[in-house]
Amino acid sequence: MGGMRNTLRHPMEQHVDSKHVSFAQSRCFNHAQREAAARCPECGRFFCRECVSEHRNRLLCAACIAEETAKAQLDQKRNFGSLRMVFRIALGVLVLWGSFFVIGKALLSVPSTFHEHKTILEDDWDSS
Ligand SMILES: [Zn+2]
Ligand SMILES: [Zn+2]
């Protein structure tokens with residue numbers, strides 16, 4: 001990437017030539033008879049134009065694209081796993097809360113004295 005800009009900024013033929021030659025001497029990793037046209041930024045190997053393709057605004061070789069996609073899928077799986085964990089925790093809390101609610105309800109309905117007290121209070125309120 002930076003090399004291309006350097007060739008434009010510094011028209012020093014010698015420097016450009018030496019760079020150009022070194023690049024042209026490199027052959028495609030997959031095609032030994034072809035000159036390299038691009039360098040994969042991921043693995044640093046040289047490839048011909050056919051062996052690289054754009055992946056997320058970068059020119060990557062097929063192997064690195066496959067690796068990137070595999071990584072992305074792994075990340076997705078990991079995200080899904082954590083989501084399931086959160087869901088499980090939420091479910092656990094819900095079950096716990098539900099059991100407390102049921103226990104509380106049972107405790108409220110059991111003592112009859114509480115109800116009696118309540119009705120007395122209500123009667124007082126109505127008479128006054
Ligand atoms: Zn690569
Ligand atoms: Zn190639």
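Which residue in the turn between strand 3 and strand 4 has a positive phi? Arginine 56 does, at about 55 degrees, in a hairpin with two residues between the strands.

This is a predicted model, where local features need pLDDT of at least 70, side-chain atom pairs count only at pLDDT 80 or more, and totals for chains, interfaces and linings use all residues. Residues are numbered from 1 along each chain as its sequence is written, while chains are lettered from A and ligands numbered from 1 in the order in which they are written.

The chain has four helices and four strands. These are DSSP runs numbered from the N terminus: helices are H or I with at least four residues, strands are E with at least two. Along the sequence the pattern reads α-α-β-β-β-β-α-α.

| Element | Residues |
|---|---|
| Strand 2 | 46-47 |
| Strand 3 | 52-55 |
| Strand 4 | 58-61 |
| Helix 3 | 62-109 |

Strands 3 and 4 pair in the antiparallel sense over four bridges; pairing requires at least two DSSP bridges. Serine 53 stands opposite leucine 60 of strand 4. Leucine 60 also touches Cys40, Glu42, Val52, His55, Ile65 and Glu68, leaving out residues up to four places away in sequence. Contact here puts C-beta atoms, placed from the backbone, within 7 Å.

Leu60 belongs to the largest nonpolar core, which has eleven residues. Cys28, Ala36, Phe46 and Val52 are among them. Strand 2 and strand 4 each supply at least two residues of this core. The largest share, three residues, comes from strand 4. Such a core is a set of buried Ala, Val, Leu, Ile, Met, Phe, Trp, Tyr and Cys residues joined through C-beta atoms within 7 Å. A residue is buried if 20 or more other C-beta atoms lie within 10 Å of its own, exposed if 12 or fewer, and partly exposed in between.

Of the chain's 128 residues, 9% count as buried. Helix 3 has 48 residues and reaches 69 Å from first C-alpha to last, close to the 70 Å expected. That expected span is 1.5 Å times one less than the number of residues. One residue of helix 3's 48 is buried, so the helix lies largely in the open.

Methods
Contact = placed C-beta atoms within 7 Å.
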